[in-house]
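Welcome to a short walk through one structure. Take a look at it below, and then we can go through its parts together.

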Amino acid sequence: MLPIRDRGFAHPIASEITPHDAFREGRRRLLASAAALALPAHAAAAGPGKRTPLAATRSNVAGAVVMDRPTSYADITGYNNFYEFGTDKGDPARHAAALRTRPWTVTVEGEVRRGATFDLDRLLALAPMEERIYRLRCVEGWSMVIPWIGYSLAELVRRVEPTGNARYVQFVTLADGAQMPGLRSSVLDWPYVEGLRLDEAMHPLALLAFGLYGEVLPNQNGAPLRLVVPWKYGFKSTKSIVRIRFVERQPPTSWSRAAPQEYGFYANVNPQVDHPRWSQADERRIGEDGLFARRRPTLMFNGYAAQVASLYAGMDLRRAF
Ligand SMILES: Nc1nc2c(c(=O)[nH]1)N[C@H]1C(S)=C(S)[C@@H](COP(=O)(O)O)O[C@H]1N2
Ligand SMILES: [Mo]
């Protein structure tokens, strides 16, 4: 059996990306963002409604605001991975407008004393909204810099009071075939699931995000709430969460289920451990286009080593990839 069920939908193989493909892709993206700009402002964001402001104050969590120039709104909202809406980078922007993000609830269950089903409004009011500017590094070899709005996942974790048995946290995305055309493909098992160790989930940089660029999250970026774990590859950052489960054993995750030798549970950004089919040593910053654009070196833990390296003290990160 192939490690990935449908290679046509898999993350690309680096050696297959020719300069010509890179040029074509750049041009396609240019055209796509030009098309987005030509639309009225509200049409560029998904969702039946308009772009809605979301107030926040600058975070003072250590490492929460990187100095890199943020990627453009058009790229952040037009070049996405959200396989529930299709595997092409433009599919989420095209198809996620149909996603109904209200009413919306998140059920928190498992090894917690205060499990509950939270309404979105309760989650929005749970803790002060902070703006955080994080790097996001996709395992495919590209990166962005995104001004998120949200609060530390730890705020929610503390309120539900994990029991002594809670060692991991699983995150579950909505799986509604009526709203998500990508579910017709078996590229991944649905619902999309991801997980963190409890201490990772409690790290102040692990963000529950509700917005970006001063506004409510566009649907294609994981509305109405998503996880953002900046020191891990993008695929850990579960979108459109409906369920958070505290468990004793390491939970299955969608990507490692699809291709266990390629995607591990930890998925920490690590330039020294290549994906079996392509290098992780450097990256293309989205927006820095053109054949001669320089690739940037990928940093250990995506540049967040000072904040998170201690979580992995004593672990062999080649084995726990
Ligand atoms: N539910 C769900 N969450 C997901 C994905 C997905 O396909 N489905 N893709 C992941 C991957 S591979 C990346 S790189 C990021 C992309 O986030 P962005 O599109 O908001 O930049 O979302 C992650 N979260
Ligand atoms: Mo990704």
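Around ligand 1 there are 15 residues, and Tyr83, Glu84, Arg226, Ser237 and Lys239 come nearest; a residue counts as near a molecule or strand if one of its heavy atoms lies within 4 Å of it. This is a predicted model, in which local features need pLDDT of at least 70 and side-chain atom pairs count only at pLDDT 80 or more, while totals for chains, interfaces and linings use all residues. Residues are numbered from 1 along each chain as its sequence is written, chains are lettered from A and ligands numbered from 1 in the order in which they are written, and side-chain values use heavy atoms, with hydrogens and water left out.

The table lists polar contacts of the ligand (a polar contact is a pair of N or O atoms within 3.5 Å; within protein, one must be able to donate a hydrogen and the other to accept it, and residues adjacent in sequence count only if both atoms are side-chain atoms).

| Residue and its atom | Atom of ligand 1 | Distance |
|---|---|---|
| Asn81, backbone N or O atom | nitrogen atom | 3.2 Å |
| Tyr83, polar backbone atom | oxygen atom | 2.7 Å |
| Glu84, polar side-chain atom | nitrogen atom | 2.8 Å |

How much of ligand 1 does the protein bury? Taken alone, ligand 1 exposes 540 Å², and the protein buries 100% of that. Accessible areas come from the Shrake-Rupley method with a 1.4 Å probe, and for residues only the protein chains shown count as cover.

Next comes Asn80, in the loop between α3 (73–78) and α4 (91–95). Helices (H or I, at least four residues) and strands (E, at least two) are DSSP runs, numbered from the N terminus. Is Asn80 buried or exposed? Asn80 is buried, with a relative accessible area of 4%; buried means under 20% relative accessible area, exposed over 50%, and partly exposed in between (1.4 Å probe, protein chains only). The Asn80 side chain reaches the backbone oxygen of Ile76 at 3.0 Å. Beyond its neighbours within four places in sequence, Asn80 is in contact (heavy atoms within 4.5 Å) with Asp88, Lys89, Pro92, Gln220, Asn221 and Lys239.

Now for the protein as a whole. It has nine helices and 13 strands, and buried residues make up 54% of its 321 residues. Among contacts between residues at least 6 apart in sequence, 74% join residues at least 24 apart. The protein exposes about 14,300 Å², of which carbon and sulfur atoms supply 55%.

The largest nonpolar core holds 75 residues, and Trp148, Leu153, Leu156, Phe210, Trp231, Ile244 and Phe246 touch the most other members. A nonpolar core is a set of buried Ala, Val, Leu, Ile, Met, Phe, Trp, Tyr and Cys residues joined through side-chain atoms within 4.5 Å. Strand β5 (residues 142–152) gives the most to this core, with seven residues. A second, separate core has 14 residues, including Tyr83, Phe235, Ala258 and Ala267. Leaving aside neighbours within four places in sequence, the contacts of Trp231 include Glu200, His203, Leu205, Phe301 and Tyr312.

Some backbone details also deserve a look. Most residues other than glycine have a negative phi, and most peptide bonds are trans. Here, a cis peptide bond joins Arg102 and Pro103, with omega about -10 degrees; Pro103 is in the loop between α4 and β2 (105–110). Another cis peptide bond joins Ala223 and Pro224, with omega about 0 degrees, and Pro224 sits in the loop between β9 (215–216) and β10 (226–228).

Tyr213, in the loop between β8 (207–212) and β9, has a positive phi near 50 degrees and is partly exposed, at 31% relative accessible area. Ser240, in the loop between β10 and β11 (241–247), has a positive phi near 40 degrees and counts as buried, at 0% relative accessibility.

Finally, a word on confidence. The predictor's confidence in each residue, from 0 to 100, is called pLDDT. The protein has a mean pLDDT of 88, and 85% of its residues reach 70 or more. Over residues 1–48, pLDDT stays under 50. Where pLDDT is low, the predicted coordinates should not be read in detail.
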